[in-house]
Amino acid sequence: MKLLEYEAKEYFRRHGIPTPQGRMVTTPREARDYTTGLGKPVVIKAQLPVGGRGKAGGVRFADTPEEAAEAADALLGMRIKGLTVEKLYVEEKLSIVNEIYLGVTVDRRNKAYVVLASSEGGMDIEEVAAKTPERIVRHLVDPVHGLRSYHANLVAKRLGYGGRKMLQFVAVVESLYELALEMDAELTEINPLAEVKDGFMAVDARLNVDNNALFRHRELEERLLESYRGELTEREMEARSQGLTYVELDGDIGIIGNGAGLTMATLDTVMLHGGRAANFLDLGGGATPERIGEAAKFVLSDERTKALLVNVLGGITRCDHIAEGVVAARREVAVEKPVVVRMMGTNEEEGRKILKEAGIETLGSMEEAAELAVKLAEAS
Ligand code: GDP
Ligand code: MN
């Protein structure tokens, strides 16, 4: 999950990283009023989850409140890298002596965080890495010992800092690393970290949080869900909040599979036999009977679904669990709808037995199962 600059700066502030005074706005009027309040020249920046806004015209300077309003007017609604600008960040303009790069990211090969710093700030760090890799200072953080101040000192020295500047820089490095750790960041970056008259200021901010760790950051999980509103249908939103991977389609056969590949193949096979899928629901790996039951209930309770086709490969997911889940769901959903199950693998025999006792058809091949599901949907 990629936070916007203004959100990332909020976290920066909480961790004591110096940032210019600023505010998120959504109208030219707000931009003007905020600039009036500041009483200083400002920078106005498009808030988008992509880098390189400056080059794309998404960063503007304004000396007066009127200029700020004009800049905001020009920026709002602008398209940058396929996205529409809806939010802006207005902040005090700084007098920058030097721009440097500072980032903390995951070094997957070494299974550790790495601190990256370069005197070539402002530019794309990928470009610096490609053209002048010697200009990037790397410090791999030992996960057991963490980042100690003498490590941060070393990074500062290698960038040429001494004395007070060194202490100020070290404080930023340490805070950024702590932020990365606390927020389960995949990447947190300050580009540029501006060297100003009396210290450092984070002019830009990036914070990308690992989606797999969102359960530890509830406020972000909710914000992510919120960002889907408008893009997703009501049922898709409902599915997300239940943690189901679900896409609504316009046919009448409900599809449940495990793994995106198998689920897609199931959709194709249904199409091939003249049917149309009502949805795409991927159970993922290792689903419990409860989870399978919830998924089946969710699909069966959709008015448009006339028949349900379950197609799973039993690996970590067990076929007897699939059977238990499907039977429980059928029992709990009031309306009787035909269900066809095709499953193979772990505990297949046990699963078939459970389904047979409940009067649910199981078939050996995906083709046969799809054909039957199409026939049953047409008949009902
Ligand atoms: P990006 O292009 O998406 O990375 O957006 P940034 O927030 O990094 O801004 C792009 C560039 O605008 C920076 O590298 C700076 O050179 C310049 N810039 C941004 N804020 C200020 C500021 O307060 N003062 C000055 N002088 N330049 C700024
Ligand atoms: Mn930048």
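**View 1. Domain 1 and domain 2 are joined by 4 salt bridges.** A salt bridge is a side-chain nitrogen of Lys or Arg within 4 Å of a carboxyl oxygen of Asp or Glu. Helices are DSSP runs (H or I) of at least four residues and strands are DSSP runs (E) of at least two, numbered from the N terminus. Lys 9 forms a salt bridge with Glu 91, with 2.9 Å between the closest N and O atoms.

The model is predicted: local features need pLDDT of at least 70 and side-chain atom pairs count only at pLDDT 80 or more, while totals for chains, interfaces and linings use all residues. Residues are numbered from 1 along each chain as its sequence is written, ligands are numbered from 1 in the order in which they are written, and side-chain values use heavy atoms, without hydrogens and water.

**View 2. The manganese ion (ligand 2) has Asn 191 (O) and Asp 204 (OD) as its protein donors, 2.2 Å from it.** Donors are N, O and S atoms within 2.8 Å of the metal (3.2 Å for Na, K and Ca); water is not among the atoms, so sites may look incomplete. Asn 191 belongs to strand S10 (residues 185–196), and Asp 204 to the loop between strand S11 (199–202) and strand S12 (206–209).
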